[in-house]
Amino acid sequence: MSHIHIDIRKKTYPARDGSGEHLAIRDLHFELAAGEFVCLVGPSGCGKTTLLNLIAGLDRHFEGSIRADEGAATLRIAYMFQNPRLLPWRTVRENIQLALPKGEGREWVDHLLEVMGLTASQNQYPQRLSLGMSRRVALVRAFAIRPSLLLMDEPLVSVDAPTARRIRQLLVRVWQERPHSVLFVTHDLREAIALADRLIFLSAPPTALLHEVTVDIPRGEREDETAVEAFRRRLIGEHQQIRDLL
Amino acid sequence: MRSLLYHPISSFLLFLAFWQGLAVILASPALPAPQAVFQVLYQEIRSGNLPFHLGVTLARLAVSFVLAMSLGTAIGIFLGRHEKLDRFFDHWLVIFLNVPALVTVILCYVWFGLGEIAAIAAVVVNKLPNVVVILREGARTLDRDLLEMAEAYRFGRLKTLLHVIWPQLFPFLIGAARTGIALIWKIILLVELLGRSNGMGYQLHLFFQMFDVAGILAYTIAFVAVIQSIEALVLKPLDVRAKRWRR
């Protein structure tokens with residue numbers, strides 16, 4: 001597994017009114033240890049999606065570098081977007097299998113479908129699925145490629161609370177089964193504390209790193225809302241910057 | 001009983017009865033009775049005349065259809081994905097859409113001679129702008145999110161084309177094909193009438209010169225039946241198949 005170094009010196013967009021450039025990210029540097037679960041927390045519009053797109057290679061127009069210790073070629077990146085982005089003309093199974101090289105990973109996919117409770121729905125088209133189920137399919141697709149880095153862009157936004165909790169549990173279960181680095185974007189601090197090994201707080205644009213915190217709640221106690229809430233209160237109490245941000 | 005009354009076959013039978021009545025009232029060679037027309041149709045089939053000319057026209061239809069569809073699809077997708085070139089060519093496309101079919105046919109015969117190439121070229125040039133416009137629209141509306149997903153999961157060009165782009169363009173392609181068949185066969189008849197010595201258009205021209213309305217109607221019925229069969233047996237099932245995931 002690879003240690004990943006993210007070093008973005010400058011990312012700009014053409015300004016909407018055509019007058020020059022809009023600075024989106026400035027001097028953002030952080031590292032992701034192999035198998036580490038990191039949550040990026042920041043206000044809406046702070047460039048979290050832009051950052052994930054840069055890391056995923058969907059946008060290559062920036063100054064800086066994103067590199068892995070073992071070399072970028074060995075880095076297998078999976079990306080779970082805000083909306084599931086499933087191909088509506090392919091079944092659940094086909095959507096997952098298409099992300100894999102031909103004929104690869106059938107048994108692993110079977111296992112993931114079973115863990116996510118999707119075995120019975122594998123031959124259905126996405127239009128027949130609820131939003132929660134579609135998110136789980138997108139999660140299976142992401143895990144199916146056995147990523148070394150999983151990018152997640154507010155994947156549980158607009159999902160009802162019990163469904164979101166269930167998906168979080170499944171996410172952690174599969175991640176523990178096969179550890180890999182995760183970069184999870186959210187603006188929900190409780191969700192971030194429940195999931196992450198480390199929290200990275202981002203500023204409003206131009207995006208820069210504001211603060212880093214290690215979450216020291218044992219994994220077994222993360223489902224205890226009181227422990228999460230206590231951690232959140234402590235965090236907000238201790239750090240003025242985080243309080244202002246949220 | 002009420003549902004039978006509104007069945008398409010009822011309207012067809014009603015039309016035949018109306019035609020028969022009108023033919024009896026007019027009693028003119030300008031409108032032969034249905035029976036006379038079907039008799040000519042039967043004779044022309046038995047003599048082999050109709051199958052020959054129909055075959056020639058269908059062959060021209062197939063060649064020009066394939067050429068117009070493949071060229072139009074390629075150009076349409078290209079323009080749909082390249083905004084600047086699309087702007088550059090847009091006016092030309094509108095101009096070509098508005099050139100009358102007759103003008104293209106005459107010019108092709110003048111420039112390339114009264115041969116098969118000119119005939120096919122005339123049909124292709126007439127249909128091409130229509131396919132380009134439909135496929136350009138399809139390419140413009142490709143789902144950006146899905147294309148990004150394919151890129152993030154390293155689908156590669158072929159997989160992206162087959163599984164992400166093609167299914168999105170298919171309804172537009174079928175739309176272009178369905179309107180294409182309807183447009184092309186009408187132009188082919190014109191092309192054959194003006195400059196070929198075989199095919200349905202040529203035969204219709206002969207019947208016109210002899211004022212043989214029964215012949216004209218018999219050939220028209222045969223041709224329309226064949227085109228309808230292509231629509232019902234090939235294009236419609238393809239359309240249904242492409243949309244099965246929407247259910």
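In chain A, three strands form an open antiparallel sheet in the order β2-β1-β4; strands are DSSP runs of E of at least two residues, helices are DSSP runs of H or I of at least four residues, both numbered from the N terminus, and two strands pair if DSSP finds at least two bridges between them. The edges of this sheet are β2 (21–32) and β4 (63–68) of chain A, each of which pairs on one side only. On average, neighbouring strands of the sheet are turned by 20° against each other, direction ignored; axes here are lines fitted to C-alpha atoms, for helices over the stretch in contact, and angles run from 0 to 180 degrees between N-to-C directions. The model is predicted, so that local features need pLDDT of at least 70 and side-chain atom pairs count only at pLDDT 80 or more, whereas totals for chains, interfaces and linings use all residues. Residues are numbered from 1 along each chain as its sequence is written, chains are lettered from A and ligands numbered from 1 in the order in which they are written, and side-chain values use heavy atoms, with hydrogens and water left out.

Strand β1(A), residues 4–14, pairs with β4(A) in the antiparallel sense over six bridges, and the bridge partner of K10(A) in β4(A) is E63(A). Ten bridges join β1(A) to β2(A), again running antiparallel, with D7(A) opposite H29(A) of β2(A). β1(A) and β2(A) form a hairpin with six residues between them, and G18(A) in the turn has a positive phi of about 80°. Helix α1 of chain A, residues 48–56, lies across β1, β2 and β4 of chain A and runs at about 120° to β1(A).

Most residues other than glycine have a negative phi, and most peptide bonds are trans. D27(A), however, has a positive phi, near 45°, and is found in strand β2 of chain A. A cis peptide bond joins P205(A) and P206(A), with omega about -5°; P206(A) lies in the loop between β8 (198–202) and β9 (209–214) of chain A.

Chain B has eleven helices and zero strands. Its C-alpha atoms fill a box of roughly 70 × 60 × 30 Å, taken along the principal axes. At the interface, 19 residues of chain B are in contact with 25 residues of chain A, where contact means heavy atoms within 4.5 Å. The two chains bury about 2000 Å² between them, 57% of it on carbon and sulfur atoms; buried area is the accessible area (1.4 Å probe) that two parts lose on being put together, summed over both. Y153(B), H163(B) and W245(B) lose the most area on the chain B side, together 36% of what that side buries.

The structure holds one cavity of 30 Å³ or more, a cavity being a set of points, on a 1 Å grid over the protein atoms alone, where a 1.4 Å probe fits but cannot get out; lining residues have an atom within 4 Å of a point. The volume of the largest cavity is about 30 Å³, counted as the space filled by probe spheres set on the points, which are joined across faces, edges and corners. Its lining consists of R60(B), S64(B), A119(B), I120(B), V123(B), I188(B) and V191(B). The elements giving two or more residues to this lining are α4 (49–81), α7 (116–140) and α9 (156–195) of chain B, and α7(B) gives the most, with three residues. The lining residues of the largest cavity divide into five nonpolar, one polar and one charged; Ala, Val, Leu, Ile, Met, Phe, Trp, Tyr, Cys and Pro count as nonpolar, Asp, Glu, Lys and Arg as charged, and the others, Gly among them, as polar.

Key: On a 1 Å grid over the protein atoms alone, a cavity is a set of points where a 1.4 Å probe fits but cannot get out, and a pocket is an open set with protein on both sides within 12 Å along at least five of seven lines; lining residues have an atom within 4 Å of a point.
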